[in-house]
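Welcome, and please take a moment to look over the chain below.

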Amino acid sequence: MHKLHTAEHYVSKAGLRETTDQIMEAISGVKAAVDNMTLRVDRIVENQAKLRTTRS
């Protein structure tokens, strides 16, 4: 019964859609984290550039 349930769930369109939605949600979360990290790195680089120009 378990094998049949698993096969029906993952092979059906609804099962594939659910799995795809979960994967896309995870990818979206990773993208948001990368975007946030990129903003932080940009701020660090900008601040270092300002420090270098003021010391000259």
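Is Met24 buried, partly exposed or exposed? With a relative accessible area of 49%, Met24 counts as partly exposed (buried is under 20% relative accessible area, exposed is over 50%, and partly exposed lies in between, using a 1.4 Å probe and protein chains only).

## About the model

This is a predicted model, in which local features need pLDDT of at least 70 and side-chain atom pairs count only at pLDDT 80 or more, while totals for chains, interfaces and linings use all residues. Residues are numbered from 1 along each chain as its sequence is written, and side-chain values use heavy atoms, with hydrogens and water left out.

## Overall form

The chain has 2 helices and 0 strands (these are DSSP runs numbered from the N terminus, H or I of at least four residues for helices and E of at least two for strands). Its C-alpha trace spans about 75 × 15 × 10 Å along the principal axes.

The radius of gyration is 23 Å, whereas a compact globule of 56 residues would have one near 10 Å (taken over C-alpha atoms, with the globule rule being 2.2 Å times the number of residues to the power 0.38). Buried residues make up 2% of the 56 residues.

## The surface

About 5,400 Å² of the chain is accessible surface, and 62% of this belongs to carbon and sulfur atoms (areas come from the Shrake-Rupley method with a 1.4 Å probe; for residues, only the protein chains shown count as cover).

## Charges and a salt bridge

Side chains of opposite charge can pair when their charged atoms come close. A search of the whole structure finds 1 salt bridge (a side-chain nitrogen of Lys or Arg within 4 Å of a carboxyl oxygen of Asp or Glu). The partners are Lys31 and Asp35, at 2.7 Å from N to O. Both lie in helix H2 (residues 13-55), 4 residues apart, or about one turn of the helix. Lys31 is exposed at 51% relative accessible area, while Asp35 is partly exposed at 36%.

Further along, Arg40 also belongs to helix H2 and is exposed, at 54% relative accessibility. Arg40 and His5 are 35 residues apart in sequence and 46 Å apart in space, C-alpha to C-alpha.
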